[in-house]
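Please look over the points below alongside the model.

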Amino acid sequence: MKKDSLPYVLGFMLAISVFFGAGVSLVHHGTKDMLARNEQLHRNRTIAQAFELSVEGRDAEAFAAAVQEHIREKALPSDQRTWTVFERITDAEDQADVGFIFQGQGVWDLIRGIIVLSPDLTTVRNIRFLQHAETPGLGGRIEEDWFLEQFQGLSIAWDRPRDRRVIIGQALDPNAPNRVDAITGATGTSQALMDMLNNELHRFREAYLEASQDALHADDSEG
């Protein structure tokens with residue numbers, strides 16, 4: 001068969017496709033357990049960092065043990081979605097810091113993270129990111145300590161308009177307790193993150209308070 005004939009070209013393309021497709025499938029199947037373990041390690045490490053847990057060791061088992069010992073995870077269903085909620089385990093249930101997974105569209109792709117709040121939901125304790133695809137050296141700097149540390153102790157101005165409860169960037173009052181500095185040269189990421197946090201905080205608080213009221217009414221009925 002001539003190498004420039006149509007049957008030869010089609011057969012060659014089919015053989016190449018089958019060969020490399022099978023290779024990719026084998027690699028995927030052979031590494032999926034390892035990828036799942038690495039994803040779980042990343043999740044547990046991010047939770048531990050967000051709640052500033054003391055971890056005895058740096059391996060996957062150490063992070064898993066710290067999270068299991070100190071954090072209670074639960075699902076909070078609402079009308080539009082089910083929130084993944086984390087609560088620090090304490091003797092006083094009403095004094096437990098609460099965190100949740102937030103998400104929204106960044107400049108290039110989805111941004112997901114964990115934000116931890118005070119029990120009354122008025123103060124940000126910490127924030128960490130699970131996933132993002134922002135530009136390295138620009139928007140990707142949202143993972144740097146100097147940026148993350150600004151959120152520790154940040155007040156949430158619940159009495160302000162929904163889109164100004166948390167401010168990233170310029171404000172009339174540069175020392176406002178609900179404001180942090182934006183990332184220079186990454187206006188798009190800073191704006192996207194601010195919009196995302198304000199939207200997610202608003203929706204989470206509604207779902208959280210509604211669930212708390214339902215639980216209170218259920219306790220009264222049982223009493």
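1. Leaving aside residues up to four places away in sequence, A157 touches R165 and N178; contact here is heavy atoms within 4.5 Å. The model is predicted, with local features needing pLDDT of at least 70 and side-chain atom pairs pLDDT 80 or more, while totals for chains, interfaces and linings use all residues. Numbering starts from 1 along each chain as its sequence is written, and side-chain values use heavy atoms, without hydrogens and water.

2. A157 sits in the loop between β6 (154–155) and β7 (167–168); strands are DSSP E runs of at least two residues and helices H or I runs of at least four, numbered from the N terminus. A157 counts as buried because its relative accessibility is 11%, the limit being under 20% relative accessible area (1.4 Å probe, protein chains only).

3. Of the 34 residues in the largest nonpolar core, F102, I115, L117, F151, L193 and F204 touch the most other members. Such a core is a set of buried Ala, Val, Leu, Ile, Met, Phe, Trp, Tyr and Cys residues joined through side-chain atoms within 4.5 Å. The element that gives the most to this core is α4, with eight residues.

4. I115 has contacts with V98, G99, F100, F102, V124, N126, I127, L197 and L201, again not counting residues up to four places away in sequence. Another core, of 17 residues, lies apart from the largest one and includes I47, A48, A66 and V116.

Definitions and conventions
Buried < 20%, exposed > 50% of the residue type's maximum accessible area, 1.4 Å probe, protein only.
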